[in-house]
Amino acid sequence: MAHIVLCSGASVALYKACDLASKLAQSGHEVRAVLTPRAARLVSPQLFEAVTGQPAAVDEYGPERRGAMDHIELATWAELLLVAPASAGLLSRLALGLADDLASTVALALPAGRPRLIAPAMNPHMLASPPIARNLATLRGDGWRVIEPGSGHMACGVDGKGRLPEPQELVRAVAEALAGR
Ligand SMILES: Cc1cc2nc3c(=O)[nH]c(=O)nc-3n(C[C@H](O)[C@H](O)[C@H](O)COP(=O)(O)O)c2cc1C
């Protein structure tokens, strides 16, 4: 069983991320959620705390901080980093190395060799756009395991590729990554 940091971006698929966090915790992992500030406007970090039994974080400044440098503490604690759902914005920041919120800073501070998985979720046109295709290729080259989005009917009303895989599938991907360490 592992220490897992789950970073979630501001996607409609956040509703699945709560279930994912719950299933990972039920599998015996210790899960700490990190939400981007916009993700935290869509769903409360408190919900992630309730299903994981661990503190969830959004910001490492001011009264919200947990320690002196939460990004280092979380990145050091993590035995595996899972970014799900990865919004277009969050995955692009990760590809560029932009450390402008706690989630992207934790990812950048993750020690080399620790498994890092990313599950994009977005509208099919966004997923197929040249910048996102480029950024996903960059992430693969940087050692990220990109979990392919599913196809089907999207919340935005169109059919296509871009759905966050079901939580059970993501739990399996985590187990495989941990087994292959
Ligand atoms: C209700 C709602 C759902 C959204 N779903 C998605 C999504 O699934 N994927 C995505 O890339 N952006 C989505 N967006 C747009 C992002 O929230 C927006 O690009 C935001 O700046 C991303 O923030 P982040 O980088 O912190 O994730 C959604 C926005 C709203 C208001």
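Predicted model: local features only at pLDDT ≥ 70, side-chain atom pairs only at ≥ 80, totals over all residues.
Residues are numbered from 1 along each chain as its sequence is written, and side-chain values use heavy atoms, with hydrogens and water left out. Local features need pLDDT of at least 70, side-chain atom pairs count only at pLDDT 80 or more, and totals for chains, interfaces and linings use all residues.

Reader: How many salt bridges does the count come to?

Author: A salt bridge is a side-chain nitrogen of Lys or Arg within 4 Å of a carboxyl oxygen of Asp or Glu. By this rule, the count comes to 10 salt bridges.

Reader: Which parts of the chain does the pair K16 and E166 link?

Author: The side chains of K16 and E166 form a salt bridge, with N to O at 3.2 Å. The two residues are 150 residues apart and the pair links distant parts of the chain. Helices (H or I, at least four residues) and strands (E, at least two) are DSSP runs, numbered from the N terminus. K16 lies in helix α1 (residues 14-26), and E166 in the loop between β7 (159-163) and α9 (167-179).

Reader: Is K16 buried or exposed?

Author: Buried means under 20% relative accessible area, exposed over 50%, and partly exposed in between (1.4 Å probe, protein chains only). K16 has a relative accessibility of 6%, so K16 counts as buried.

Reader: Is D100, which forms a salt bridge with R93, buried or exposed?

Author: The closest N and O atoms of R93 and D100 are 3.0 Å apart. R93 is buried, at 18% relative accessible area. D100 has 53% relative accessibility and therefore counts as exposed.
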